[in-house]
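Let me put the model up, and then I'll walk you through a few spots.

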Amino acid sequence: MTLKGILLSASLIALAGAAAAETRIGMITTLSGGGASLGIDVRDGFLLALEQSGRDDIEVIIADDEQAPDVAVQLADRMIQSDDVDIMTGIIWSNLAMAVVPSVTAQGLFYLSPNAGPSQLAGRGCHPNYFNVAWQNDNLHEAAGAYANSAGYTNSFILAPNYPAGQDALAGYKRFYEGGLAGEIYTQLGQTDYAAEIAQIRASGADSVFFFLPGGMGISFLRQYADSGLDIPVIGPAFSFDQNILQAVGAAALGVVNTSQWSPDLDNEANTAFVAAFREAYGRIPSLYASQGFDTANLILSALAVAHPSEDPDAFRAALQAADFASTRGDFAFGPNHHPIQDIYVREVVQEGDIFTNRVIGVALEDRGDAYAAECSM
């Protein structure tokens with residue numbers, strides 16, 4: 001299987017190996033609009049792992065959800081009913097995950113999330129066939145709150161978009177942050193003008209700003225924040241400081257601290273090989289989204305080596321739970337609600353030549369699970 005085997009159409013990409021594939025994977029992700037870079041990186045990391053495996057018995061059907069829940073639901077129905085997929089993956093946004101995942105698992109399929117990890121699916125909405133290979137949404141924000149304490153911040157201004165992941169973000173930050181709040185704002189999802197929010201930050205007396213604005217939202221905010229002349233320190237999760245955002249924002253992001261379960265400079269054998277292979281295949285430094293796509297594919301491959309999801313779902317599920325693969329994060333395990341237990345790092349934005357990237361400077365939380373596992377009845 002090679003990347004040359006990818007067939008493109010307006011909304012569908014098919015990676016086909018043998019004429020009659022033994023396993024079909026449906027990937028619904030964002031490939032257009034302001035969040036396209038996130039879905040593209042998940043897709044590219046996923047396909048790289050499959051190419052490295054050398055298997056020719058896996059077919060991946062990839063469709064663009066256009067960042068719209070109704071589109072994602074229609075695509076999922078088509079993949080299940082017409083394409084006869086065995087496994088589904090790919091969704092970036094939590095509102096789309098909430099629209100798609102419960103229906104997928106209710107029909108007996110496995111869903112592996114390479115990104116979105118809404119609290120509802122980690123707690124009471126957990127399901128034996130749902131695995132999150134990235135995080136529970138709150139995790140990186142919890143780590144940011146813990147870092148704020150260690151940095152001595154006592155009056156944070158916090159903001160995030162008003163959708164499930166944004167709500168989880170601010171809940172996560174406040175769960176570990178011990179100081180007061182200078183302000184708390186939910187912005188519109190997809191917002192690009194932050195003049196009003198920046199004016200409120202300026203007048204608030206804040207000693208720090210925590211924000212979660214993924215994709216194009218983060219680019220807009222960081223550019224406008226830099227242009228405003230405000231010198232209040234900014235903290236964020238890795239979503240707001242991934243490779244694509246950093247290249248778009250440039251020097252304005254230098255020195256900003258962010259939190260992540262992964263970084264391109266993590267010193268383990270699997271990650272070193274992944275970063276090198278991704279750069280060779282695609283000509284760019286991978287983002288955390290690419291690493292999550294890569295890990296998701298390798299987890300699936302490890303379980304397929306044990307059982308097929310349609311022929312022996314119990315054995316396949318047990319193999320997923322065992323997580324017997326070499327993660328780019330190093331140590332990786334699933335908790336009882338099928339969400340990761342992992343270290344969350346503190347990173348700093350640096351410049352290497354003409355490229356802006358992140359460097360690990362510490363650990364914010366060790367072996368962190370999530371706050372909702374006790375609500376899961378599995």
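Predicted model: local features only at pLDDT ≥ 70, side-chain atom pairs only at ≥ 80, totals over all residues.

Residues are numbered from 1 along each chain as its sequence is written, and side-chain values use heavy atoms, with hydrogens and water left out.

When two helices pack, you describe them by the angle between their axes and the distance between the axes. Here we have H7, residues 195-204, and H8, residues 216-228, packing at about 50 degrees with axes 10 Å apart. Helices here are DSSP runs of H or I, at least four residues, and strands are runs of E, at least two, numbered from the N terminus. The axes are lines fitted to C-alpha atoms, for helices over the stretch in contact, and angles run from 0 to 180 degrees between N-to-C directions.

How do H7 and H8 lie to each other, then? They're oblique: under 35 degrees would be roughly parallel, over 145 roughly antiparallel, 65 to 115 roughly perpendicular, and the rest is oblique.

So who touches whom? From H7 you get Ala-195, Ile-198, Ile-201 and Arg-202, and they meet Phe-221, Gln-224, Tyr-225 and Ser-228 of H8. Contact means heavy atoms within 4.5 Å.

Staying with H8: its 13 residues reach 18 Å from first C-alpha to last, close to the 18 Å expected at 1.5 Å a residue. That expected span is 1.5 Å times one less than the number of residues. Its buried residues are Met-217, Gly-218, Ile-219, Ser-220, Phe-221, Leu-222 and Tyr-225. Buried is under 20% relative accessible area, exposed is over 50%, and partly exposed is in between, with a 1.4 Å probe and protein chains only. Those buried residues pack against several elements, including H7 and strand S8 (155-161). Just after H8, Gly-229 has a positive phi of about 85 degrees.

Now Gly-34, in the loop between strand S3 (23-29) and helix H1 (36-53). Gly-34 is exposed, at 57% relative accessible area. Not counting residues up to four places away in sequence, Gly-34 touches Gly-215 and Gly-216.

Last one: Gln-292, in helix H11, residues 288-304. Buried or exposed, this Gln-292? Buried, at 0% relative accessibility. Leaving aside neighbours within four places in sequence, Gln-292 contacts Pro-114, Asn-115, Ala-134, Trp-135 and Gln-261.
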